[in-house]
Amino acid sequence: MTVEHYGTRYKEVSLSREKVFRDPVHDYIHIRDEIILSLINTREFQRLRRIRQLGTSSYIFHGAEHSRFSHSLGVYEITRRIINNFVRNFPVSDEHPDQWDDRERIVALCAALLHDIGHGPFSHTFEGIFNTDHEAMTRAIIMSPETEVNAILRGFDEHLPEKVASVIDHTYHNEQVIQLISSQIDADRMDYLLRDAYFAGVSYGTYDLTRILRVIRPQDYQIYFDFSGMHAVEDYVVSRYQMYMQVYFHPVSRGMEELLSNLLDRAKYCYENKPEEMKTPINLLKPFLDNDWGLIDYLYLDDQVLGSYINQWQMEDDPILSDLAYRFMNRHPLKSMLVSEENRQELITAVQQILADRGYDVSFYFGENSSFDTPYDFFKPYSTKTKTQIDLITKTGQIVELSQASLLVSSFTGRERGDHRIYFPREILSEIRQKPIESLTVEEKKVQDAYQSEVNDVTQHIQQRLF
Ligand code: NI
C-alpha cells in the first residue's frame, strides 16, 4: 500500500505473515508492519533487554526484574489497539476532520515503540553522577546517522526520524499523536502501571484496560474519554497514585539508590584521585569518568556492565569503595528517616555528627532524597507539560474535566504526595535514636498529626461536595 503523507510518498510494507510476541500482560503483541519488526531487531532496541524497567525496586519486590524491552513492546501494543479502534469507529472524514487521521499510524507506532530507547542503566542515579540525560539520548538515537534505528526510520521515509523525535519532544503538529504517547492517560502509563504491578506482585496498579480502550476517542483534534467510562478512568488515576506511594517511592528502594549514588561517586573519586590503585579494568565506564563520551559509548552501557564492575569493586583496596560495593551487592540499603522542613537542618547536623564521630566519611555515607508526585491535576494554563487534565465527553458533546465528575479524584486533585528522607548506614540508627534530639522524639508524632490533619481535610472536602 502506498500512502500519501504530507507530500512524501512512501511504502507501508506489511509482513507476509503477522508476527506475535507472547507477553504476560497483553497476551499477544501483534506486529504487522515490517518497519516495527526491523526496529525491534536493531542493536539499540535489543539493548533494552539488558536494562531493568524499575532499577533498584527489584531489591524490594523481587519479581520486578522486567526490562524496558518488554515495557516498550507493551506501549506499542496499547497504541496499536487504540489506533485500530479509532480507525474502525472515528476515522477522519469531511464531516469529522478532527477525528483520527490514519496516515499518522506509523509515526505513532514508532514513537510508542521508541519512547524509552535512550534509557541507560539505573537511569536517574547514573544521570545524576555522569551528566547523561535519557531524553536527549532518545532523541540522539533516533536522529543520529550512527544508529540502526535511524537507518531503518530513514529508509522508510527520510522525514520519519524527525517526526518520531518530535512526537517524543511534544512538538509534533498532531496533538492527538502526542497525547497517545504522553499525557495524563497515555499508552506509556497504561502499560507501565499494569506491567510494574504484575511483576512486583502487587494488585494496586490494576485497572480495566479493555474498558479504557473502549471509551477513548479522538475529537476536536484532542483525545477524550466517553463520560460513561468515568469509573474506569477514575480507577486508573487511583491505581497510578497507589503505585507511586507503594512501589515507586518505596523508602528502601530509594535507600538502595542512595547507596548506588554514593558508590558511583566514590568510584569516580578513586578514579580521579588515585587511578593507579584501582585494580578493576573499567573500560566501558572510562569515557564517562573522563567526561568525554559519545553515543556509541553510551550504547555499550547496561545493567550487566555496571553490575559486573560493582561486583569487582568489592575487591578494591579503597576501603570505602569496597565496603559500599559489598553493601550494594548484598542488599544492605541505607536506612532512612523522615524529615520535615522545620527539623531538616537539625537532624542532618546531628546525623552527620554521629557519622563523623564514628569515622564515616560523610560524603559517601549520607544521603538525602525527596520524592514527590502530583497524582492528578486539572488544567494549568502555564504548565510546560502538554496536557495536565483528563477530559470526559458526554453524549451531547459537553466536555467535563475528570475531577469535576469524580469525587474520588477530586479529593486528591492538585495535591502533592510523597516525602523527604535522609539516609545513613543502618548500624548508626540506634545511636541516632539515643541522641537527645528534640525534633527527633517528636518526629513520629508530627507525621501522625500531619496524616490526621490530612484525613480531616479530605473528609471535610468530601462532605462539602456531598451535602
Ligand atoms: Ni515508558
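Which residue of β10 is the bridge partner of Leu392? Val400 is that partner. The model shown here is predicted.

## The sheet

Four strands form an open sheet in the order β5-β6-β9-β10. The pairing is mixed. At the edges sit β5 (216-219) and β10 (399-401), each of which pairs on one side only. On average, neighbouring strands are turned by 45° against each other, direction ignored.

Strand β9 (residues 391-393) and β10 run antiparallel, joined by three bridges. The link between Leu392 and Val400 is a bridge to β10. In general, strands of a sheet pair through backbone hydrogen bonds, either parallel or antiparallel.

## Two crossing helices

Now look at helix α4 (residues 105-114) and helix α8 (residues 160-168). Their axes come within 9 Å and cross at roughly 60°. The crossing is right-handed.

From α4, the contact uses Ile106, Val107, Cys110, Ala111 and Leu114. From α8, Leu160, Lys163, Val164, Val167 and Ile168 take part. By class, the contact has nine nonpolar residues, one charged residue and no polar ones.

## Space inside

Rolling a probe the size of a water molecule over the atoms shows where empty space is left. This structure holds two cavities of 30 Å³ or more.

The second largest cavity has about 30 Å³ of space. Its lining consists of Cys270, Lys274, Glu277, Met278, Glu316, Asp317 and Asp318. Five of these lining residues are charged, two are nonpolar and none is polar.

Definitions and conventions. Residues are numbered from 1 along each chain as its sequence is written. This is a predicted model: local features need pLDDT of at least 70, side-chain atom pairs count only at pLDDT 80 or more; totals for chains, interfaces and linings use all residues. Side-chain values use heavy atoms; hydrogens and water are left out. Axes are lines fitted to C-alpha atoms, for helices over the stretch in contact, and angles run from 0 to 180 degrees between N-to-C directions. A crossing is left-handed if the near helix is turned anticlockwise from the far one by less than a right angle, and right-handed if clockwise. Contact means heavy atoms within 4.5 Å. Ala, Val, Leu, Ile, Met, Phe, Trp, Tyr, Cys and Pro count as nonpolar, Asp, Glu, Lys and Arg as charged, and the others, Gly among them, as polar. On a 1 Å grid over the protein atoms alone, a cavity is a set of points where a 1.4 Å probe fits but cannot get out, and a pocket is an open set with protein on both sides within 12 Å along at least five of seven lines; lining residues have an atom within 4 Å of a point. Grid points are joined across faces, edges and corners, and a volume is the space filled by probe spheres set on the points. Two strands pair if DSSP finds at least two bridges between them.
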